[in-house]
Amino acid sequence: MAAMSRCVPSQTIWMPEADAQAARAAETAARTAYGRLLATLAAQTGDIATAEDALADAFATALRAWPSSGVPDAPEAWLLTTARRRVIDQSRRRETASNASSDLILRLEEAALGRLDPDMPDPRLGLMFLCAHPAIDAAVRTPLMMQTVLGLDAARIAGVFLVNPSAMSARLVRAKAKIKAAGIPFGIPGKDAWTQRLGSVLNAVYGAFTAGWTEAAPEDAGGDSLASEAEWLARLLASQLPESGESAGLLALILFCEARRPARTGSDGSYVPLRDQDTALWNMNMIGEANDLLRAAAKCDDGGRFQIEAAIQSVHTLRSVTGETDWPVLLSLYDALLRVAPSFGAAIARAAVLGDLGDAAAGLAALDDLPIDRIDAYGPYHATRGHLLLQLGETRLAHDALLRASELLGDGPASRWLRDRAKAISPH
């Protein structure tokens with residue numbers, strides 16, 4: 001995760017076992033606790049950038065100290081204490097310390113003594129609602145949460161939003177500077193403000209889940225994957241906001257997707273597309289929970305994007321019962337999704353459904369209506385285009401589109417599957 005890459009150097013050479021053990025412990029803390037540590041420290045300092053610098057220094061100190069002193073029993077507490085001390089020391093060294101810096105020292109010292117106790121099951125949630133403050137540009141709220149709280153770097157966030165990485169990085173820097181300059185208060189807003197800010201928070205959690213969808217399965221990552229973190233935060237939001245159908249819808253959507261994870265790859269690690277997955281491998285308990293959430297969400301009065309997306313996934317899971325996929329229902333759901341929350345991803349998925357309904361030409365025409373300058377670097381666009389071209393018998397064009405998709409998707413199972421498929425229809 002980005003948090004780890006910011007704080008823990010990549011270990012590419014041999015090192016003594018004590019150093020390696022310290023690096024592993026620091027890496028684990030970065031992967032599992034960075035967001036919580038940053039949220040706690042930022043709430044106490046009132047400055048995200050200061051909190052990030054102090055936490056990075058704490059990780060660097062850990063890599064120097066732990067090989068000789070041993071990994072502490074509570075690494076997270078050690079890191080937080082070290083980061084707090086760094087901030088306090090910096091404040092005290094300033095020759096022109098202001099009242100604000102004196103107040104900062106007091107707040108941190110109180111926190112170190114345990115007298116500052118955020119009233120929230122997970123401090124990351126408070127920082128996420130802070131990042132959704134009305135004074136922050138709406139377009140950057142969700143990316144800011146994804147970087148600051150969930151640990152994604154600007155490049156991965158840019159990939160989710162289909163924008164240039166350098167442009168995304170600049171937006172994030174400006175947003176953090178505005179938080180500091182405007183003196184936006186830290187802490188969790190009252191529940192009367194949650195509804196206004198909830199959409200950005202839900203989008204950030206789903207964005208993190210999307211980014212983590214291709215990671216190792218949670219059971220293979222010790223339960224510490226980005227997808228697992230997103231599921232935990234979605235559960236937290238759903239429990240804190242039982243009246244929110246969209247919170248329940250997001251959790252349902254994540255559970256539907258996670259239920260299929262065991263079937264996404266074969267025993268040899270190869271990619272298995274949804275239509276070819278063995279439904280016996282799907283987690284039916286998770287699917288049952290997701291359907292219960294979706295039914296509960298329907299009783300709320302805030303129907304929106306996540307409930308529709310969850311309904312789409314629910315239709316796919318019905319194949320485990322009927323043996324078939326109801327493509328007309330899926331088309332109507334994608335039409336509804338595009339009315340409520342238009343996106344390139346939804347438009348591309350709808351085009352694929354048109355192909356499954358036997359109208360590949362209409363699907364291809366729908367893709368042609370999309371702005372190529374925005375989606376030319378988006379792998380799923382080219383993969384869908386290749387699938388539709390193949391249905392139309394345009395083998396050479398299909399080959400090129402599938403190969404382009406495989407190049408854009410890196411070197412994971414899906415990329416290799418697309419490359420093999422392109423090779424199988426190669427006109428050469």
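In the predicted model, Ser415, Leu418 and Ala422 of helix α22 are buried. Viewed along the axis of α22, the buried residues lie within an arc of 65°, so they line one face of the helix. Helix α22 itself comprises twelve residues, 413-424. From its first C-alpha to its last, α22 reaches 16 Å, close to the 16 Å expected at 1.5 Å a residue.

Of its 428 residues, 48% are buried. Among contacts between residues at least 6 apart in sequence, 63% join residues at least 24 apart. The protein exposes about 19900 Å², and carbon and sulfur atoms supply 52% of that area.

Helix α16 spans residues 327-340 and has 14 residues. The distance from its first C-alpha to its last is 20 Å, close to the 20 Å expected at 1.5 Å a residue. Within α16, the buried residues are Trp327, Leu330, Leu331, Leu333, Tyr334, Ala336 and Leu337. Helices α14 and α17 (344-356) are included in what covers these buried residues of α16.

Aromatic side chains were considered next. A pair of aromatic rings is described by the distance of the centres and the angle of the planes. Five aromatic pairs were counted in the model. One of them joins Tyr206 and Phe306 in an edge-to-face arrangement, at 5.6 Å centre to centre and with 75° between the planes. This pair links distant parts of the chain, since Tyr206 belongs to helix α10 (residues 191-212) and Phe306 to helix α14 (residues 305-317), 100 residues apart. Tyr206 has a relative accessible area of 15% and is therefore buried, the limit for this class being under 20%. Phe306, at 2% relative accessibility, also counts as buried.

Another pair involves helix α22. The ring centres of Tyr271 and Trp417 are 5.5 Å apart and their planes stand at 65°, so the pair is edge-to-face. Here too the pair links distant parts of the chain: Tyr271 is in the loop between α12 and α13, whereas Trp417 is in helix α22, 146 residues apart. Tyr271 counts as partly exposed, at 25% relative accessibility. Trp417 is likewise partly exposed, at 28% relative accessibility.

The loop that carries Tyr271 also contains Asp268, which lies between α12 (245-259) and α13 (284-298). With a relative accessible area of 63%, Asp268 is exposed, because this value is over 50%. The side chain of Asp268 makes a polar contact with the side chain of Ser270, at 2.7 Å.

Key. Residues numbered from 1 in each chain as written. Predicted model: local features only at pLDDT ≥ 70, side-chain atom pairs only at ≥ 80, totals over all residues. Heavy atoms only, no water. Helix = DSSP H or I, 4+ residues; strand = E, 2+ residues; numbered from the N terminus. Expected span 1.5 Å × (residues − 1). Buried < 20%, exposed > 50% of the residue type's maximum accessible area, 1.4 Å probe, protein only. Arc of directions from axis to C-beta. Contact = heavy atoms within 4.5 Å. Areas by Shrake-Rupley, 256 points an atom, 1.4 Å probe, with all protein chains shown as cover. Polar contact = N/O pair within 3.5 Å; in protein donor to acceptor, adjacent residues only side chain to side chain. Phe/Tyr/Trp six-rings, centres within 6.5 Å; stacked < 30°, edge-to-face > 60°.
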